[in-house]
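I opened the notebook to look up charge pairs and surface patches. Entries follow in the order I took them.

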Amino acid sequence: MNDIAVIGAGMHPWGKWGRSFVSYGTAAARSALADAGVRWSDIGSIVGADTVRCGYPGYVAGATFAQALGWQGARVTSVYAACASGAQAIGAARAQILAGLADAVLVVGADSAPKGFFAPAGGERPDDPDWLRFRVLGATNPAYFGLYARRRMAVYGDTAEDFAQVKVKNAAAGALNPLARYRKAVTPEEVAASAVVADPLRLLDICATSDGGAALVLSSLDFARRHGHPDPVRIRAVSTVSPTYPRTVLDLPDIATDATTAVAPPPHPFRASIARAAYEEAGLGPEDLSLAEVYDLSTALELEWYEDIGLCGRGEGTKLLRDGVTRLGGALPVNASGGLASFGEAVPAQAIAQVCELTWQLRGTAGDRQVPGARAGVTANQGLFGHGSAVVAVR
């Protein structure tokens, strides 16, 4: 096993605070260090998940956070993989620990997000697919979310009422999470009464953009034991796979799929391949899970993740929801944290925040949202331009 230990987890509460991303990241980092019971000077490496919206410091997040915490000579790495940046940062930290380059690594991600929906960076870039989909199609992110939802309705018979129940479930969990931005339960009627954004999805079906930060202290098992963590939560797998040609499902930021005239589709679509790679590395499967944290950019997309991480077959995600399997108190809670429905997107932080939630759940310290007897969990996430993101953690 190539396990590493999670000895510290910390977050800055998410919201719209109007401050620099550096303040959120350093607050989360200090919280994670305190949770681990180690000093910043004990850290041999820091890996920052980048934000491209916060100027040059955001592009070199590792060094930015290292400077904010106080230069102490640690190895520095900065990574960017859009919404999968946090998982890439965790993967880089894990590789350094397993290679013997550092005994303990601090992973940090934070963002100061714009108001409203995300848009591409400024300038004229006709060779940039993300820029093109806005200019050619006028396709914002919610436009894609609406297409995914319409496809589920057409192929599997899902309804707008089903989508609303995902929001109801996640809002109930988020109401129990002191770090969440939105801490209020909602009703299906409130979802239905919110404004249409991208038919059939309404405002409460789609996650907001947020400020926030998350951090982890990862270490070798020997370092963990020496510093008072004899039985830590362990990261057993990190999957950052890319798609397999040809891609037959339209996905951000593409405006067409690959042709299958000469080449047959791969056996598993991209999102499903992310989790499969994590399970194979971890030596366990969906039947071994106690909980999952998935990337609910929209309510409909959460249902797809149920299927992609192997909790059920294709088109069966809605049945899992209707049967109460994925709610708090169900057989396999999904997004016990409240998910992005309750937090919103702080892009470099969100995959790290998912692992923070697994850590607290596997320790048994998640408070009112605790999943009883949690022993194994998976995160699932996806970044623009084919960045996979899944982490398996066990206790």
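I started with Asp 251, which forms a salt bridge with Arg 247; their closest N and O atoms are 2.9 Å apart. The model is predicted. I looked up burial next. Asp 251 is buried, at a relative accessible area of 6%. Arg 247 is buried as well, at 17%.

I then checked Glu 304. Glu 304 pairs with Arg 271 in a salt bridge, with 2.9 Å between the closest N and O atoms. This pair links distant parts of the chain. Glu 304 sits in helix H11 (residues 299–308) and Arg 271 in helix H10 (residues 270–282), 33 residues apart. I noted both Glu 304 and Arg 271 as buried.

I followed the shared partners. One network of salt bridges joins Arg 152, Asp 158, Arg 247, Asp 251, Arg 271, Glu 304, Glu 307, Asp 308 and Arg 314. My search of the whole structure gave 27 salt bridges.

Is the Asp 42 side chain buried or partly exposed? I found Asp 42 partly exposed, with a relative accessible area of 25%. The side chain of Asp 42 meets that of Arg 39 in a salt bridge, 3.2 Å from N to O. Arg 39 is exposed, at 57% relative accessible area.

Phe 117, Val 197 and Leu 203 make a nonpolar patch of about 240 Å². I placed Phe 117 in the loop between strand E4 (104–111) and helix H5 (129–137). Phe 117 is partly exposed, with a relative accessible area of 39%. Patch residues need over 30%, so Phe 117 passes that cut-off.

How values were computed
Residues numbered from 1 in each chain as written. Predicted model: local features only at pLDDT ≥ 70, side-chain atom pairs only at ≥ 80, totals over all residues. Heavy atoms only, no water. Patch = residues over 30% accessible without salt bridge, like charges linked within 9 Å, V, L, I, M, F, W, Y side chains within 5 Å. Areas by Shrake-Rupley, 256 points an atom, 1.4 Å probe, with all protein chains shown as cover. Salt bridge = Lys/Arg side-chain N within 4 Å of Asp/Glu carboxyl O. Helix = DSSP H or I, 4+ residues; strand = E, 2+ residues; numbered from the N terminus. Buried < 20%, exposed > 50% of the residue type's maximum accessible area, 1.4 Å probe, protein only.
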